Amino acid sequence: MYASREDIGYDFGEDSKVGSKPTKPNPNIDGGWAWMIVLSSFLVHILIMGSQMALGILNMEWLEEFNQSRGLTAWVSSLSMGITLIVGPFIGLFISMCGCRTTAIIGGVLNALGWILSAYASNVHYLFLTFGLTAGIGSGMVYLPAVVMVGQYFQKRRALAQGLSTTGTGFGTFLMTALLKYLCSEFGWRNAMFIQGAISLNLCVCGALMRPLSPKDLCEKYVVRSDSEETRAKALSQSTETIKSNGVPGEETDKKEEAANEEVLGSVQHTEAGGKSGSGRSMYGLRLFKTVSQLTVTVRKGFALWYSSYFGAASLFTNRVFVAFIIWALFAYSSFVIPFIHLPEIVKQYNLSRQDNVFPLTSIIAIVHIFGKVILGIISDLPCISTWNVFLIANFTLVTCILTLPLMQTYVGLAVVCALIGFSSGYFSLMPVVTEDLVGTKHLANAYGIIICANGISALFGPPFAGWIYDITQKYDFSFYIAGLLYMVGIIFLVIQPCIQKKQPREKSTEEAQV
């Protein structure tokens, strides 16, 4: 297996040059302000993911208010959840140009606006636009920066930090469900959405806490890599000649543009200094031109980074393990969502409603899921443990539970399997860590944007597909079996691809020796 991005031999060129210089580690990496970033991300998960998990409360209100079919009404919450993740690659562009803090603050305003406008909905189609699209895009603009910033501020404790921050989803599910129930019963669903919109403005505060690290600080992050990590990083050493021959994405172009931009800004400063005796209006014009020029430089540089990550000579898609990771993500998320949808019906089918009312099986998943994220994060941060191995073991456990759940016909059996599903699905907190290991911190925003986009597609189409399978077979079992088998295909891609990449350089070196 591998422990970091060096294992798969994917080098973008900017980070590998840093590690040899003895530099004093930044106190904010793995400590200090880094824990404020974890708090900010934790609150983001409560307000965004927690609210989306509690949309079943509003879904019942919408069914009663608009008298539409269950399928059509369900698309409101599906759109909101799906778009939050699907817009990931485009949010990566915003982060490259504006930074995480600005992107998150704008997203907070947009999310709150979506909730408030939805309070005036006259039909379900109106909600598609205001809640599904507007609030969904706003959620995506806050969610991705929250994950990326934790990855930037942590090195030794990345898995634990991501685990702690993402537990906000579990806590948020309980808090937001109770809050929305209370608000809907006391004030009606329209006023409840208006109040929730006001609460969502706290996302702007969370965004303001995302203080960006300087490029120097990001470089110093790799200095604190432990010796054990360096040893594991060479466990699957690969040839990087092909990728390096393509060059660092946009490096030469960036240097030329940077030199040209500095020349323009320098001439503006020279004119500004020499024209102090000129009129105030001309000086204001020069300052405005300087500001616009600096903004243009930032936007062009951010767009160049985003474009090269996807379409450049050394784009993310030249990393075969990362492509296998995307294929896995297309099948993984729906396998986690399907039990939440069909468990109540399975409980009813086996006449277990009395026990389930005392302690719902979905609550067992949610509670154990919180502990799973933290415990798996702690285990992954141990010096002798590979994050990749923990990630794969958790995936194998989850897919096994998905395939065996329909075979359980007692409440105790279902409870045990649901507990295992909740614990093993804690690997979600390891996804940003694995992504960063594959591509590096600089490209984390763009790479993780693609991964959550694949998760969004899975979340959007997985549950309807499971419902379609039930309509054909009239059994819930096949939904679990098909979802589990597709999930297993994705895991097999993750297992096989690193082995293939490890074998290819050896074959190439053997051929060269023979020549």
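A salt bridge is taken here as a side-chain nitrogen of Lys or Arg within 4 Å of a carboxyl oxygen of Asp or Glu. By this rule, 3 salt bridges are counted in the predicted model.

The secondary structure of the chain consists of 23 helices and 0 strands. Of its 515 residues, 51% are buried. Among contacts between residues at least 6 apart in sequence, 85% join residues at least 24 apart.

Arg 158 takes part in a network of salt bridges with Glu 436 and Asp 437. The closest N and O atoms are 3.5 Å apart for Arg 158 and Glu 436, and the N to O distance is 2.9 Å for Arg 158 and Asp 437. Asp 437 lies in helix H21 and Arg 158 in helix H7, so this pair ties together parts that are 279 residues apart in sequence. Relative accessible areas are 7% for Arg 158, 4% for Glu 436 and 5% for Asp 437; Arg 158 is therefore buried, as are Glu 436 and Asp 437.

The remaining pair joins Glu 65 to Arg 190, with the closest N and O atoms 3.3 Å apart. Glu 65 belongs to helix H2 and Arg 190 to helix H9, so parts 125 residues apart in sequence are tied together. Glu 65 is partly exposed at 39% relative accessibility, and Arg 190 is partly exposed at 28%.

Helix H7 also packs against helix H18 at an angle of about 170°, with the axes 7 Å apart. H7 is therefore roughly antiparallel to H18. The contact comprises 5 nonpolar, 4 polar and 1 charged residues.

Note on methods: Residues are numbered from 1 along each chain as its sequence is written. This is a predicted model: local features need pLDDT of at least 70, side-chain atom pairs count only at pLDDT 80 or more; totals for chains, interfaces and linings use all residues. Side-chain values use heavy atoms; hydrogens and water are left out. Axes are lines fitted to C-alpha atoms, for helices over the stretch in contact, and angles run from 0 to 180 degrees between N-to-C directions. Helices (H or I, at least four residues) and strands (E, at least two) are DSSP runs, numbered from the N terminus. Angles under 35 degrees count as roughly parallel, over 145 as roughly antiparallel, 65 to 115 as roughly perpendicular and the rest as oblique. Ala, Val, Leu, Ile, Met, Phe, Trp, Tyr, Cys and Pro count as nonpolar, Asp, Glu, Lys and Arg as charged, and the others, Gly among them, as polar. Buried means under 20% relative accessible area, exposed over 50%, partly exposed in between (1.4 Å probe, protein chains only). Contact means heavy atoms within 4.5 Å.
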